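Biologist: I would like to learn how to read a model like this one, feature by feature. Could you take me through it slowly?

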Amino acid sequence: MILVTLPIESQKTAHIRLTLNGEATDVSFAPYKTLLEVLREDLGHTGTKHGCELGECGACAVLLEGKAVLSCLLLAVECDGKSVLTVEGLGADGKLHPLQDAFADLGAAQCGYCTPAILVTAKALLDSNPNPSREQIREALSGNLCRCTGYQQIFEAVEAAMIKIAGKTSC
Ligand code: FES
Ligand code: FES
């Protein structure tokens with residue numbers, strides 16, 4: 001039997017256009033790939049982390065149309081025409097997002113592996129509910145595992161960012 005291996009380029013048969021971190025982006029890839037794989041391997045956006053690939057750790061969360069989703073469970077072909085936000089798109093005008101500042105100030109990122117997903121998930125929460133209770137923050141982040149912090153600093157950082165964002169919008 002003769003085995004023929006197709007060149008990598010000929011395996012890229014799917015093509016989508018999405019808005020990635022505010023920019024129209026075209027990408028071709030093998031059609032079986034997840035959004036996580038396309039972000040990291042085809043678009044070079046390695047901020048989104050690769051964890052369990054089973055929907056259990058939350059490390060791969062990104063925002064799809066403003067809502068947190070697990071990119072390891074989503075085929076990239078399902079994202080055609082949609083908007084995706086990853087941690088690379090959180091800051092603006094050369095400045096960190098208030099959540100990023102608060103995480104740095106309060107030690108909410110230690111090894112940092114869970115941090116990109118927690119940041120975007122917290123952003124989705126604050127966008128939909130600018131004044132969440134501790135319980136609502138805990139609930140929103142309940143799918144994001146962190147092995148380092150014990151979560152206390154993470155909750156405090158989200159609350160600090162919430163106060164900072166509210167201060168800006170009330171001026
Ligand atoms: S990599 Fe663990 S939930 Fe996606
Ligand atoms: S900071 Fe290490 S897993 Fe969360």
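Modeller: We will go through strands, a helix and domains in turn. This is a predicted model, in which local features need pLDDT of at least 70, side-chain atom pairs count only at pLDDT 80 or more, and totals for chains, interfaces and linings use all residues. Residues are numbered from 1 along each chain as its sequence is written, while chains are lettered from A and ligands numbered from 1 in the order in which they are written.

Biologist: Which strand runs antiparallel to β1, and how many bridges join them?

Modeller: Strands (E, at least two residues) and helices (H or I, at least four) are DSSP runs numbered from the N terminus, and two strands pair if DSSP finds at least two bridges between them. Here β1 (residues 14-20) runs antiparallel to β2 (residues 23-29) with 7 bridges, and L18 stands opposite T25 in β2. The hairpin has 2 residues between these strands, and N21 there takes a positive phi near 50°. With β5 (residues 83-85), β1 pairs in the parallel sense over 2 bridges, T19 having S83 as its bridge partner.

Biologist: Which residues of helix α2 are buried?

Modeller: A residue is buried if 20 or more other C-beta atoms, placed from the backbone, lie within 10 Å of its own. In α2 (residues 98-105) these are P98, L99, Q100, A102 and F103, and G107, which follows the helix, has a positive phi near 70°.

Biologist: Where do the domains lie in the chain?

Modeller: The bounds come from an automatic or database domain assignment, which gives domain 1 (8-89) and domain 2 (98-170). Their C-alpha centres lie 23 Å apart.

Terms used: Buried ≥ 20, exposed ≤ 12 C-beta atoms within 10 Å, placed from the backbone.
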